[in-house]
Amino acid sequence: MGSLTITTVYVRPEANIETSKLAEATRKEHIIVGDLNAHNTNWGGKRTNQMGETVADLLEDGYIILID
């Protein structure tokens, strides 16, 4: 039986986590939850910030991301 890692994250509004760091964390059975402060016009935002670009990159790479 495998293991599952769950990580909670809060990203300050002007901060960014590099795409490679988030992708590295999700290589195994891993769920990342929290407030990423990711904004992107692709999913109805009024603006796009760095973190929004990072999340968009992960979506393009096939990662599953739920956004509220």
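Predicted model: local features only at pLDDT ≥ 70, side-chain atom pairs only at ≥ 80, totals over all residues.
I started with burial: of the 68 residues of the protein, 24% count as buried (under 20% relative accessible area; exposed is over 50%, partly exposed in between, 1.4 Å probe, protein chains only). Residues are numbered from 1 along each chain as its sequence is written, and side-chain values use heavy atoms, with hydrogens and water left out.

Next, the fold. I get two helices and two strands, in the order β-α-β-α along the sequence (DSSP runs numbered from the N terminus: helices are H or I, at least four residues; strands are E, at least two). Among contacts (heavy atoms within 4.5 Å) with a separation of 6 or more, 55% join residues 24 or more positions apart.

Then the surface. The protein exposes about 5,300 Å², and carbon and sulfur atoms supply 49% of that (Shrake-Rupley, 1.4 Å probe; for residues, only the protein chains shown count as cover). Which residues make the nonpolar surface patch? I found Leu4, Ile6, Ile31 and Val33, covering about 350 Å². Patch members have over 30% relative accessible area and no salt bridge; nonpolar side chains (Val, Leu, Ile, Met, Phe, Trp, Tyr) are joined within 5 Å, like charges within 9 Å. A salt bridge is a side-chain nitrogen of Lys or Arg within 4 Å of a carboxyl oxygen of Asp or Glu. Val33 sits in strand E2 (residues 30–35) and is partly exposed at 37%.

Last, Asn37, in the loop between E2 and helix H2 (50–60). Its phi is near 50°, positive in a residue other than glycine. Asn37 counts as buried, at 16% relative accessibility.
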